[in-house]
Amino acid sequence: MSFADLNLIPEIQRAVADEGYTEPTPIQAKAIPAVLERRDIMGCAQTGTGKTAGFTLPLLQLLSPYANSSPSPARHTVRALILTPTRELAAQVSDSVKTYGKHLKLRSTVVYGGVDMLPQTKALREGVEILVATPGRLLDHVQQKSVSLGQVEILVLDEADRMLDMGFLPDIRRILALLPAQRQSLLFSATFSEDIKKLANQMLRSPTLIEVARRNAPADLVDHQVYEVETTRKRALLAHLIRSRDMKQVLVFVRMKRDCNKLARELVRDGINATAIHSDRTQGEREQALADFKEGRSTVLVATDIAARGIDIAELPFVINYELPYTPEDYVHRIGRTGRAGLTGEAISLVSAEENRLLVEIEKLLKRAIPRKDVEGNDPEQTRERRPRREVAEEPAADAKPRPARRPPAPPRVASDGFDFSKPYEPTPSAAAAPATEKPASIKPRGSRPTAALLGGFAAKDRK
């Protein structure tokens with residue numbers, strides 16, 4: 001099958017050909033005709049199989065009658081809304097919309113948090129037919145009255161399960177209440193949990209389920225490996241793997257943001273060019289880190305699960321789980337960053353004894369055991385490169401600067417009566433000759449009268 005067999009309009013076929021695509025992927029071959037028939041869709045496929053184009057191409061064709069070059073915002077109202085869980089995924093989907101719709105006079109824009117709202121507000125008020133957004137920032141614009149959703153005809157939830165994991169369900173329900181009841185709704189994800197099924201039953205009308213692979217299955221072209229290692233030796237093993245295998249592009253996943261920054265700094269100290277991406281970094285820093293990694297300026301990108309969904313990095317060969325995720329479905333999304341578009345990839349996991357139960361859950365989800373590997377030539381104690389000790393020259397160099405002379409010792413301090421303060425105390429001969437039983441005259445012997453109490457003094461009989 002070719003894209004010409006999918007009954008796409010010439011403008012879209014030309015844009016697809018410009019990208020060098022000739023045959024649709026299985027999810028695209030099944031989803032595009034169903035979307036063009038105005039059905040509600042639940043699409044499930046392995047990561048890296050082209051889900052984004054699976055809903056973008058038919059969406060553009062359905063909206064093509066609204067294409068116009070009028071400068072009036074009234075002629076460009078929001079007809080399609082695409083919701084994504086993360087900023088990076090929103091930006092990527094927006095790029096796909098612009099790429100495939102470049103020969104159509106349809107306007108699109110993207111809104112997400114972490115950046116100034118003013119440029120987004122300006123673009124929305126000028127009018128767009130396709131809006132890509134994260135839920136929180138979209139509701140900010142709704143509150144500012146810079147966007148109206150009353151004429152939306154197509155709603156797309158991309159990576160819907162991740163939205164629920166990130167706590168977006170209340171926001172999604174608020175957005176659904178703003179949309180027309182008569183609309184077409186599409187859900188696409190690599191995994192579908194029971195909560196997603198409940199949400200789909202609420203928002204979809206007789207949905208068509210499209211699955212092109214076993215649910216929650218990773219890409220078949222990914223080679224899974226596990227290295228059992230102590231937690232304290234993980235970084236040494238990671239550095240050894242990167243150096244010994246001459247890895248040029250590695251995506252490393254950790255769980256916590258603080259560990260993300262720490263690991264990136266330690267790898268830099270080990271001589272490995274690394275950068276970090278997580279939700280606490282500004283949007284500009286995140287975009288710069290991702291751009292540096294994609295363009296080869298950094299070897300390692302240390303990331304939290306913010307980079308596990310929908311981030312498309314061309315020809316990424318290695319994904320390393322420095323720490324296993326708590327949710328086994330997140331493992332599928334993490335390793336889905338490699339083995340994309342028909343290319344092979346490797347998913348390496350560094351597993352400590354404390355993470356064995358997480359590994360068992362992942363293997364249950366995959367329905368297979370992941371092979372264990374041993375690293376040849378790896379001595380965790382010697383993996384980290386140490387600087388050689390500086391040799392001490394036997395003779396100083398000719399141009400070496402002479403060391404300053406040591407400060408002479410201070411003269412002894414002697415008082416006017418001859419007492420030397422620099423010497424230890426020694427009793428005078430008269431004090432040494434005094435008998436041990438003799439008491440100083442100034443000290444009176446303690447009588448039988450008791451010492452005064454802290455509060456109250458002596459008793460009355462003792463004061464007489």
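Visitor: In E6, which residue is the bridge partner of Leu157?

Guide: In this predicted model, the residue in E6 that forms the bridge with Leu157 is Leu187.

Visitor: And how many bridges join E5 to E6, and do they run parallel or antiparallel?

Guide: There are five bridges between E5 and E6, and the two strands run parallel.

Visitor: What is the order of the strands in that open sheet?

Guide: The open sheet has seven strands, paired in parallel, and reading across it gives E3-E4-E2-E5-E6-E1-E7. Its edge strands are E3, covering 108-111, and E7, covering 208-211, each of which has a pairing on one side only. From one strand to the next, the twist averages 15 degrees.

Visitor: Which strands does H3 touch when it packs on the sheet?

Guide: H3 touches E2, E4, E5 and E6, and the direction of this helix makes about 170 degrees with that of E5.

Visitor: OK, on to the core. Which residues touch the most other members of the largest nonpolar core?

Guide: Those are Leu57 and Ile82, in a core that numbers 37 residues. The elements giving two or more residues to this core include the helices H1 (10-18), H2 (26-36), H3 (51-63) and H4 (87-100), and, on the strand side, E2 (80-83), E4 (130-133), E5 (154-158) and E6 (184-189). H3 gives the most, with seven residues.

Visitor: Leaving aside its neighbours within four places in sequence, what is Leu57 in contact with?

Guide: With that exclusion, the contacts of Leu57 are Phe3, Leu8, Ile12, Val16, Ile32 and Tyr100. There is also a second, separate core of 32 residues, and among its members are Met42, Leu81, Val111 and Phe192.

Visitor: What about Thr56, is that one buried or exposed?

Guide: Thr56 has its place in helix H3, and it counts as buried because its relative accessibility is 1%, where the cut-off for buried is under 20%. Not counting residues up to four places away in sequence, Thr56 touches Ser96, Val97 and Tyr100.

Visitor: Let's switch to H2. Which residues are buried there?

Guide: In H2 the buried residues are Ile27, Gln28, Ala31, Ile32, Ala34 and Val35. The cover over them includes strand E1 (41-44), along with H3, E6 and E7.

Visitor: Why would residues three or four places apart in a helix point the same way?

Guide: An α-helix has 3.6 residues a turn, so positions separated by three or four places point the same way.

Visitor: And just after H2, which residue takes a positive phi?

Guide: That residue is Arg38, with a phi of about 65 degrees.

Visitor: How many disulfides does a search of the whole structure find?

Guide: The search finds zero disulfides. As for individual cysteines, Cys44 counts as buried because its relative accessibility is 1%, and Cys260 counts as buried because its relative accessibility is 0%.

Visitor: Zooming out, how many helices and strands does the protein chain have?

Guide: The protein chain has 16 helices and 13 strands, and 48% of its 464 residues count as buried. The chain exposes about 25,900 Å², of which carbon and sulfur atoms supply 50%.

Visitor: Among contacts between residues at least 6 apart in sequence, what percentage join residues at least 24 apart?

Guide: For the protein chain, 74% of those contacts join residues at least 24 apart.

How values were computed. Residues numbered from 1 in each chain as written. Predicted model: local features only at pLDDT ≥ 70, side-chain atom pairs only at ≥ 80, totals over all residues. Heavy atoms only, no water. Helix = DSSP H or I, 4+ residues; strand = E, 2+ residues; numbered from the N terminus. Buried < 20%, exposed > 50% of the residue type's maximum accessible area, 1.4 Å probe, protein only. Contact = heavy atoms within 4.5 Å. Areas by Shrake-Rupley, 256 points an atom, 1.4 Å probe, with all protein chains shown as cover. Core = buried A, V, L, I, M, F, W, Y, C linked by side-chain atoms within 4.5 Å. Pairing = 2+ DSSP bridges. Axes fitted to C-alpha atoms, helices over the stretch in contact; angles between N-to-C directions. Disulfide = S-S within 2.5 Å.
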